[in-house]
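The following note concerns the contact between two chains and the packing around it.

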Protein chains: 2
Amino acid sequence: MIADCLAYLESKRASIVGALAAIAPASEEARDPIERVREFCGRGKMIRGSLVFLGAAACGGASAGVDLAGAAAAMELFQAGLLAHDDIMDRDETRRGAPTIHARYAAELRGSMAAGDSERVGPDDYAHVGEALGICLGDFCYFEAYAALSRAMAPSPRLGEALSLCSKVLGEVAVAQMADVRWGAGAVEPTEAQILAMYRGKTAHYSFSLPLAIGALCGEGAGLVGPFYEFGERLGILFQIRDDELGLFGPTAAIGKEQGSDLREGKKTLFRARLLAAAPDSERERLAALFGGGVEARPEDFAYIRAASERLGVARSIGEMARSAEAEALGILRSLAALGSEIRPVLEGLVDYVTRRDR
Amino acid sequence: MIADCLAYLESKRASIVGALAAIAPASEEARDPIERVREFCGRGKMIRGSLVFLGAAACGGASAGVDLAGAAAAMELFQAGLLAHDDIMDRDETRRGAPTIHARYAAELRGSMAAGDSERVGPDDYAHVGEALGICLGDFCYFEAYAALSRAMAPSPRLGEALSLCSKVLGEVAVAQMADVRWGAGAVEPTEAQILAMYRGKTAHYSFSLPLAIGALCGEGAGLVGPFYEFGERLGILFQIRDDELGLFGPTAAIGKEQGSDLREGKKTLFRARLLAAAPDSERERLAALFGGGVEARPEDFAYIRAASERLGVARSIGEMARSAEAEALGILRSLAALGSEIRPVLEGLVDYVTRRDR
């Protein structure tokens, strides 16, 4: 069923690429940023955009005149904007197998300076100017995303609702990202409830609930917005639990996640919180140091963390949480009696995919 | 007439403050960012928000159920987001008489670290974490702005048009800001046409055309959107010509503009472009050095620049451009036969204000 789901999502990719290609620059000056954004989006899996199609298909397709691919492109544009900004915050230099947006700007500037075009920027400023342009490009993506969604849904009486939902969920992402930045800086030790709220804001509502709900609003599926919102929340928790696992023990080849990357970044995951809470005093210090950030963990450290999580019941309790979320997600799907027989296995496959994916 | 205009704009301030105060945080975590944004907006003049009221008044007021103050608050939220990001790009530490958003975050972090709350952030990272939180807060402002506008105009059939217009104009701002960043870095020498396009994108359409047009869309004034767009473009050029003058020769007390600040920042103004173009070879080098950025100009340098701009006809040619723009702006107002007798002097006063303001 995972294969059904992935095949479905992959089948929508070309039309999202087409919708992005069809965005006309508003001016000659807008051509360069649009092309950068298209190129950046084109290197992604476009799962969020594809989920718009899935959400619409679940209610029988798009309403007359609504451009599903355009709405899907809007989701990818939001994502591009968030990633452009995230990579500046995290000082990441590569993303999707190529230089990040701001790193590429900085490299280009360095190149043009070397060619003698510059008057006054010293090498120390390349990085800053690259970041400044990356901030602008992220902003540009958001505005283009809203514009794309407004165009795509212009004939729909649900446009206002769709834009409100986007704004609500993206506001949550911004707030969750602030929490993540603060925690990463070690300024605050979050509670488990705060970590789960961050997972809902940064992943669940944004990556799953929103695109499915936008798809439903593109069709005659306003009644699905609520169930999709809940369904997406469960998917997000499942996704994040798996993400934490991959971030700790995942294969180096996994996209964006190397073994131990969460340790190096000092990420405040649910796994870490439960492990520290369950650890006896005699172990807490060693674990806190390993999870404190900046640590280059050795193989025996991973083995120790894994053994401790088994011994202290953390692996089991998080596994139970995942099984509950999975059951709830599947329960929501069962409650949707009107789902077509083509779409149901795709949605079920999605649950399976986020639970078991290995990258 | 300037006084009429300023009194009108000032009279709308309280209701915009009220609309901002009425925005409910979506979660406990959203309370802190909302409060920061309110505080930041509250220190501004709120001209853009007030222009929404003026635009609506020009067509007889808001349509039933449309919340003008909410739409005005949306304009102030967009502005707060742009300024939060601009100040990071420009490395500005103060704005509106207080620390900038990112500088305040950095200072708070420094404070909490001193209190011993930290695990791993060194002093070098304060600034970066402050900037990361500032980027998030700017993003948050944009999403709140779209949400506020969607709520305020929810009953209006013009909501989609209003959101599209916002997105179009804000996309222009982002593109213009990229140009400004590149030029500031000395990577490119812009042509006069590019400078004027930047003025239109960063100031004219955004600060004047957009809020007036949103006001018209909040009322029964869809026919005014076009004229207001053109009117705002002329106002923006006037505003920017005056801004360049204040940035060079302005009084130190002027808000955000000290004498010579544009020289220090190496800003690529229209004034600079025309002066360098008109200068004989024997003077171009001295002028280029003064305008090249990083220069702490002496009183005799300002006297020299002023004299050169008179002698080379630059003061005159820019003065003529301003007079044309002023005449065109007033001509657009004359063509709007239906403007009420209360609103016409306010709009005329606005032309006067942006042309002659001394801060």
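1. This is a predicted model. Nine residue pairs in polar contact are found across the interface of chain A and chain B, both residues of each pair being at pLDDT 80 or more.

2. On the side of chain A that touches chain B, at least two residues each come from helix 3 (31-42), helix 5 (68-89), helix 6 (101-114), helix 7 (123-152) and helix 8 (159-184) of chain A. Helix 7 of chain A gives the most to this side, supplying 16 residues. By residue class, the side of chain A that touches chain B comprises 29 nonpolar, 14 polar and 16 charged residues.

3. The interface also holds four salt bridges between chain A and chain B. One of these pairs A:Asp125 with B:Arg91, with the closest N and O atoms 3.2 Å apart.

4. As to extent, the contact draws 59 residues from chain A and 58 residues from chain B. The size of an interface is often given as the accessible area lost when the parts come together. Here chain A and chain B bury about 4900 Å² between them, and 65% of that area lies on carbon and sulfur atoms.

5. The largest nonpolar core has 259 residues. Those touching the most other members are A:Phe78, A:Phe231, A:Ile305, B:Phe78, B:Phe231 and B:Ile305.

Terms used: Residues numbered from 1 in each chain as written. Chains lettered and ligands numbered in written order. Predicted model: local features only at pLDDT ≥ 70, side-chain atom pairs only at ≥ 80, totals over all residues. Heavy atoms only, no water. Contact = heavy atoms within 4.5 Å. Buried area = accessible area lost by both parts, 1.4 Å probe. Salt bridge = Lys/Arg side-chain N within 4 Å of Asp/Glu carboxyl O. Polar contact = N/O pair within 3.5 Å; in protein donor to acceptor, adjacent residues only side chain to side chain. Helix = DSSP H or I, 4+ residues; strand = E, 2+ residues; numbered from the N terminus. Nonpolar A, V, L, I, M, F, W, Y, C, P; charged D, E, K, R; others polar. Core = buried A, V, L, I, M, F, W, Y, C linked by side-chain atoms within 4.5 Å. Buried < 20%, exposed > 50% of the residue type's maximum accessible area, 1.4 Å probe, protein only.
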